[in-house]
Amino acid sequence: MGRINVLDKHVAELIAAGEVVERPSSVIKELVENSIDAGATAITVEIKNGGTTFMRVADNGCGIMREDIKVAFLRHATSKVKLENDLDSISTLGFRGEALASISAVSHLELITKSDVEEIGTRYVISGGEEVSLSDAGCPNGTTFIIRDLFYNIPARMKFLKTDVGEGNAVSNVIDKIALSHPNVAITYIKDSKQVLKTSGDGKLLSAIYSVYGRDFASTLIPVDYDLNGITVKGYVSKPQYARPNRNMQNFFINGRFVKSGTAMAAVAEACKGSVMVGKFASCVLNINIDFEAVDVNVHPAKIEVRFVNERPVFDAIYHAIKSALNIGDTRKNAVLGSHNTVQKKVNPFELAQKAFRERDEHKKAQSIVIEKLDKKVDSNPFKLLDEPIVTKPAKPISFSQKVADSSNTLDIYSKSAVKHEVKVEKFVEEQKIEVSTPFETTLKKEITVADVTEKKIETDIKPLIDVSEDSYRYIGEAFKTYIIIEKNSKELILIDKHAAHERIIYEKLKEEKGSGYSQLLLEPISVTLNKIDYNSVINNIDLFNESGFDVEDFGDGVVLVRSAPQYLEKEDIEQTIVEMSGYLTENKKSIKTEQMDWIFHNVSCRSAIKAGNISTDLELIDLAKKVESDSSLRYCPHGRPLCIVIKKHEIEKQFGRV
């Protein structure tokens, strides 16, 4: 070990400054919090070049007395803590007394201030921690800080700063959080001579949310207001159907301070179980008020992490607050068509089902009448698109009137309606002497009964799906609207997951073409609201989105416009995809470009692929099965799940005791 030296005051200040001042957003956070502690009701923040060259924070607070100005820039000088016991119940945003000393050590700082008891204000200039001047100044009550050339004397720190856009968005993110935590303070934010945010300061949280995140986001929220064991939870949570793919729009404030709390996130996630889809997360803006002595805010230099004396009461309060809000505000189960201003009549689901069955039976009866008037032949291949409709003759048909009479006397009125419908259809066909056109063909093919097959001896064997290496494949059908069933060589069954197969096919094509050829122009651009960090990730990686089929455009202030998207992606999935991609890019800043692109292709292919449970035609399923069987590389989806499984005939025969 070398000799131990006492550091020079200037060097010590530079080291200490590094703990508090990481980037321009750190400076803005400290100064704005000081303004709020000073009782300001209006704050103006202005930056240029991301804050690296110019920052200004002006407020109408109590100001600083002239005799206290020099003391304020000494390390550990503060008006918010006096005694040791004060640390156990901190009620202010700032308290360490390090901010002004740290900021002045790494910048050119100018202070203009006046308290309400003074007749004239004061201008104080300090550069690199050294006093330059102290003079009178004409100014209103309040305080204005002007910081120029941040890190001018520490070139090594300059290298770690992001681009001006990135640093500016980081500042914007800080301003957003402060605006949401203090809706009673009117905040004006100016970036590069352009006003990008202005809150009303009317004390209404929803007004602040509207100003920060916009109308679309604000319209998806449900109010939260709950009190449990002295812990108050107020704010808003998004409706379950508007949940997002990540937690980046979850905002938690403890006693007016923005924090990152695992306890709060876990409580929201638990409360949303059963209401929000798995893998999605509710957005929220929650103000949690708790006894100051029950929370320790002095565990992180930036004060964004806190520690609770007992986490369980906090978890319970947030959990019950969100659960209660969702029970009241989630109206999906009671949602009905029509204007929200119209009083809607409650609908009995059983009556709706009865009505649907009646309409179906009426339609079937009308078809039978038309069929009896036609003289056409049945094509023997059910997968061939027919030029003529199928002719069927139901064996011992049961009329709709008979069905109704057997079920209940209360349905007699529907029987009469069906008979009238039958007469009208028959009369119309006879008078007009028309032939039935192809719209009936698909339905009629499905209405072939066992009696029809026996009487007319219709051959319905399905032709081979495809021949590969002299193997014989035969399409059987689909199970559970998810799995394609193929018979191979009369020796085994192949089950293909249609979603996984389609996902892999799209993924391979995206990789091959790098997204080109998959993009389609949208009739109307889709706006996507993001927090400022995710927004910055999108802006810095627009080329990645372009390569994967998205035409993304910066709309400013946390909003991006999507003008084109991959053609297989449903419109309602586009916003979710952009949100998910932005969150991934934010969390994986060190990932190389190819890994980012690969993940984006995974995401696009998953969302674009046909979903399990979707109704698919036989031709679609056959085509999908052909592609899987003709390409030996298609065996797993991009997530690693198998596309297909094989069941041997021998295994089935064992189950039936044949072997």
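**Close-up views of a predicted model**

**View 1. Lysine charges over phenylalanine rings.** Lys48 lies over the face of Phe54, 5.3 Å from the ring centre. A charge is taken to sit over a ring if NZ of Lys or CZ of Arg is within 6 Å of the ring centre and within 35 degrees of the ring normal. Lys177 is placed over the face of Phe258, at 5.2 Å from the ring centre. The model is predicted: local features need pLDDT of at least 70, side-chain atom pairs count only at pLDDT 80 or more, and totals for chains, interfaces and linings use all residues. Residues are numbered from 1 along each chain as its sequence is written, and side-chain values use heavy atoms, with hydrogens and water left out.

View 2. H6 is largely enclosed by the rest of the structure, because 16 of its 18 residues are buried (under 20% relative accessible area; exposed is over 50%, partly exposed in between; 1.4 Å probe, protein chains only). Leaving aside residues up to four places away in sequence, Ile175 touches Ile28, Val32, Val45, Ile187, Tyr189 and Leu197 (contact: heavy atoms within 4.5 Å).

**View 3. Strand E22 and its partners.** In E22 (residues 559-566), 7 of the 8 residues are buried. Strand E20 (residues 519-529) runs antiparallel to E22, joined by 7 bridges; pairing requires at least two DSSP bridges. Ser519 has Pro566 of E22 as its bridge partner. Strand E21 (residues 551-556) also pairs with E22 in the antiparallel sense, over 5 bridges, and Asp551 is bridged to Ser564. E21 and E22 form a hairpin with 2 residues between them, and Asp557 in the turn has a positive phi of about 55 degrees.

Conventions:
Helices (H or I, at least four residues) and strands (E, at least two) are DSSP runs, numbered from the N terminus.
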